Amino acid sequence: MTNIRINRQDGAKIPPEFFERRQMPTEMNCWLSERDGDLILHPRLPDARKLYIEVTTGCNLQCATCIRNVWSDPDADMTRATFECILEDIDGLPDLERVIFTSFGEPLTHPGILEMIEAVRKKDLAVTLGSNGLMLKPHISRELVRLGVDRVMVSVDGGLAETFEKVRGTYLEQIVENLRQFNAIKRDMDSLFPALGFETVILKSNVAELTEIASLAAQMNASKILVSNVLAYTEDMFKERLYGYEPVEPEKFQAWATRADAWVMWATLDLPRMHWGAERRCRFIKDKAIVVGWDGKVSPCYALSHNYSYFAVDGTNKKVSRYELGDVHKQSLAEIWMSEDYVRFRSEVNAFHFPSCPDCDLRETCDLRLTNEGCWGWNPSCADCLWAQDIVKCP
Ligand code: SF4
Ligand code: SF4
Ligand code: SF4
C-alpha cells in the first residue's frame with residue numbers, strides 16, 4: 001500500500017510513482033466515496049470493453065424459457081437515430097473491444113441488422129451475433145462472413161427433434177440445415193470465421209441430451225457450447241430447473257475435437273454452477289460491459305435491462321425493475337459510463353457489497369426481497385442474482 005498524507009488545507013496528494021506502477025494516466029478525474037469507513041477513489045475512465053446492443057425486443061419464436069412470456073415491455077426495433085447515437089459514442093470508448101448483438105429478442109429480425117454490423121466492423125471492433133438460427137439463411141451467412149463477424153452463437157436447447165420443438169416451438173432440422181449451409185459458405189469463401197458456438201439452456205427435460213447436443217456441435221464444427229441454467233420466469237420453468245440450494249453433481253463432460261477447415265482444435269463446454277454458493281462475481285461488471293436497450297437506455301447488465309418477474313433460487317417470485325443509468329439520446333456512452341451512479345454501482349458490484357437473500361433468516365417474510373431492492377448497500381440490489389452465481393450465463 002502507498003502511504004499518503006491528507007490534511008484539510010491541501011487535501012490529498014498521490015505520489016507520482018503510484019501512477020507509474022499502476023500504469024494510470026498522468027491526469028484524471030475521480031469520484032471520491034466512503035464505504036464502511038473507508039475512503040474510496042474511483043477513477044473516471046472511459047474504459048468499457050464490451051458493448052451489448054439490443055437491436056430489437058421482437059422475435060420470430062416464442063420459447064417456453066423466454067422472458068418475453070412474462071414482461072410487459074413492447075416488441076420494438078431500435079431506430080436508426082438511436083443506433084447512430086451509439087455509433088457516434090463508440091469513439092469515446094477507446095478500450096472497447098467487442099460489440100455483442102444479442103438480447104431478449106432475435107437480432108436477425110431487425111431489417112437493418114447487417115448495416116449495423118457493417119458500421120461497427122468499420123470501427124474495427126470484434127462482433128458477436130447471438131441468434132436462434134432460424135433466419136440464418138445463406139444470404140445472411142454470406143454477409144456475416146464478408147463483414148468479418150468473428151462469432152455467431154446459436155441457441156440449441158435440445159439434442160432430439162422432439163425436445164427441441166417443445167422448448168423452442170420450431171424444428172431442429174431447420175436450424176441444422178441453416179448451420180450446414182453456413183459452414184459450406186465459410187468453406188466456399190475460404191474463411192474460418194465466424195466461429196460457431198452453441199448456447200444451451202439446460203432443463204430437467206433436456207439435460208440428458210447434452211451428449212447429443214455435443215455431438216451435433218462437433219458435426220457443425222462449433223467450437224464452444226455455453227451451457228446455462230434456466231432463469232425461471234414461470235412456474236413451469238421453475239419446476240424444470242436443475243439447480244438448487246444443495247450441491248448438485250455437475251454434468252461430466254470432455255472436450256471434443258472440432259474442425260475449422262484446415263485446423264483441428266479442441267472445443268469447450270462451458271458449464272454453469274449448479275447450486276447457490278458463497279462466491280459471487282458479476283461477469284458483466286468484471287468484463288466492463290455496458291448494455292444498451294432497444295430504446296437507447298443504458299443498463300449495467302441483462303438482468304437489470306427490463307421490467308419482469310422471475311423465481312429466485314428458493315422459489316420467491318421477484319419483480320425486477322429496469323435500472324436505467326442513462327440514455328444515449330441525452331448523453332454520450334462515455335459520460336454515462338463515468339457518471340457518479342454508474343461508477344458507484346460498478347464499485348459496489350465489484351466488491352459485492354450486498355447481502356445474500358437466499359441465506360438470510362428473513363428471506364421468507366422480507367418485502368424488499370419481492371423487488372430488486374435490498375436492505376443495505378446500493379440499490380438496485382444484486383443480493384439474489386443468479387447471474388452473479390454463474391448459475392445463469394450469457395455470451
Ligand atoms: S429465440 Fe430467444 S428471444 Fe426469441 S423467444 Fe426464444 S428465447 Fe426469447
Ligand atoms: S433484503 Fe435483506 S433482509 Fe431482506 S431477505 Fe434480503 S438480505 Fe434478508
Ligand atoms: S450481479 Fe446480477 S443484477 Fe447485479 S449487475 Fe451483475 S448481473 Fe446485474
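## Basis of the model

Because the model is predicted, local features need pLDDT of at least 70 and side-chain atom pairs count only at pLDDT 80 or more, while totals for chains, interfaces and linings use all residues. Residues are numbered from 1 along each chain as its sequence is written, and chains are lettered from A and ligands numbered from 1 in the order in which they are written.

## Around ligand 3

Among the residues that surround ligand 3 are C282, F284, I285, V349 and W387, where a residue is near a molecule if its C-beta atom, placed from the backbone, lies within 6 Å of it. The shell holds 12 nonpolar residues, with no polar and no charged ones; Ala, Val, Leu, Ile, Met, Phe, Trp, Tyr, Cys and Pro count as nonpolar, Asp, Glu, Lys and Arg as charged, and the others, Gly among them, as polar.

## Helix α11

Helix α11 covers residues 340–350, and its buried residues are Y342, F345 and V349; helices are DSSP runs (H or I, at least four residues), numbered from the N terminus. A residue is buried if 20 or more other C-beta atoms lie within 10 Å of its own, exposed if 12 or fewer, and partly exposed in between, with C-beta atoms placed from the backbone.

Seen down the axis of α11, the buried residues fall within an arc of 65°, so they line one face of the helix; the arc is that of the directions from the helix axis to the C-beta atoms. On the other side of α11, E340 and N350 are exposed, and after the helix comes F352, whose phi is positive, near 40°.

Key
Helix = DSSP H or I, 4+ residues; strand = E, 2+ residues; numbered from the N terminus.
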